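Dear colleague,

Please find the structure below, followed by my notes on what was found in it.

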Amino acid sequence: MKELSNSEKIECDLLLQAIFMKYGYDFRNYTKPSIRRRIHNRLTRYNLKTISEMQHTLLHNKKFFETLLLDITINVTEMFRDPSFFKTVRKTVIPNLKDRPFVKIWHAGCSSGEEVYSMAILLREEGICRNFRIYATDMNEAVIDKAKKGIFSIAKMKNYTQNYIDSGGKASFADYYTARYDFALMDSSLRKDIVFSVHNLVNDGVFGEMDLIVCRNVLIYLNKELKDRVFSLFWESLCPGGFLCVGSKETVRFSTYSDSFEDVTRKEKIYRKSFHPLPVTTGDCKLSQSASRSPERKAEAGLADYSIMTTVTS
Ligand SMILES: C[S@@+](CC[C@H](N)C(=O)[O-])C[C@H]1O[C@@H](n2cnc3c(N)ncnc32)[C@H](O)[C@@H]1O
């Protein structure tokens, strides 16, 4: 794709500002080239000539904005994605959690839930059956609704079955879903210990005392300042010695919070909260609470009230 002109870059930045002011979603600290490219690529799809025209349309048409939101947040995911990661979680993380009276896991940026159902299956196979809760969150309400339903394309099940086997699966993957026409319906018993909710890593708050946080293939889209905010959020949400898993192309190293997490396995990007205190940061780094989405903006954007989640977790 050709390089955007200076004026197009300005138009993109104004569009992100408009999205924030009107709908409360803050993409201003996402990596610029990638978010600008995604916006620009959508022009032809919507038959629009300029980004300014797109801005006018989204300000006056909420449905258009919702479609664009799904388009610019990349929701690609799969079950047992990166099987070696899940294999390592089985072998390295789960044995540390087994003896705890209750295990709390947060999947942040879980998209349509494939990763979450994978974890529920893994926990069951590793003997963590009743004494756990998974909090599955994403900024995008549409994908969370899909995740709640647990209905996936049957065409993908062949690939997911292979991933499951490669991840050290102990049963037959087909036992976990019912095939109906073109769809696979995940076993409802997997869902009963999962709480699905909208949560935005940019401006929503901490979760209490998590034993494990999984946030994979999300940080890659954020600039350093925003990554720092998210690592601080995770550090505060983890119990002492709690685990943090990020995606294969992501790392806590090079962030301001590098010393706050120690390596468990470098290859699979699994860390543990260290006892090193959080660094003192400037206002720029730890995004201020004033950036939080107001209840009014939340209501306008039709978002679930996050305080409900904190009630459940506490
Ligand atoms: C590429 S998917 C990754 C899904 C899953 N974690 C995986 O690795 O397969 C990225 C997800 O992050 C979500 N996301 C992006 N920014 C977010 C934010 N600020 N807060 C919460 N979720 C976010 C997107 O909506 C999208 O569903």
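Helices (H or I, at least four residues) and strands (E, at least two) are DSSP runs, numbered from the N terminus. The model is predicted, so that local features need pLDDT of at least 70 and side-chain atom pairs count only at pLDDT 80 or more, while totals for chains, interfaces and linings use all residues. Residues are numbered from 1 along each chain as its sequence is written.

On confidence, the mean pLDDT of the chain (the predictor's confidence in each residue, from 0 to 100) is 89, and 89% of the residues reach 70 or more. Please treat one stretch with care: over residues 283–314 pLDDT stays under 50, and the model has 41 contacts beyond four places in sequence for them, two residues being in contact if their C-beta atoms, placed from the backbone, lie within 7 Å.

The chain holds 12 helices and 10 strands. Among its 314 residues, 40% count as buried; a residue is buried if 20 or more other C-beta atoms lie within 10 Å of its own, exposed if 12 or fewer, and partly exposed in between, with C-beta atoms placed from the backbone.

Val252 sits in the loop between β8 (238–246) and β9 (261–265), and counts as buried because 23 other C-beta atoms lie within 10 Å. Leaving aside residues up to four places away in sequence, Val252 touches Phe231, Val246, Tyr257, Ser258, Phe261 and Tyr271.

Asp82, in the loop between α4 (62–72) and α5 (83–97), has a positive phi of about 55 degrees, and is partly exposed, with 19 other C-beta atoms within 10 Å. Tyr181, in the loop between β4 (177–180) and β5 (183–186), has a positive phi near 50 degrees, and counts as exposed, with 6 C-beta neighbours inside 10 Å.

As for the ligand, the shell around it has 21 residues, of which Thr77, Gly109, Ser111, Met139 and Leu201 come nearest; a residue is near a molecule or strand if its C-beta atom, placed from the backbone, lies within 6 Å of it. The shell divides into 8 nonpolar, 9 polar and 4 charged residues, where Ala, Val, Leu, Ile, Met, Phe, Trp, Tyr, Cys and Pro count as nonpolar, Asp, Glu, Lys and Arg as charged, and the others, Gly among them, as polar.
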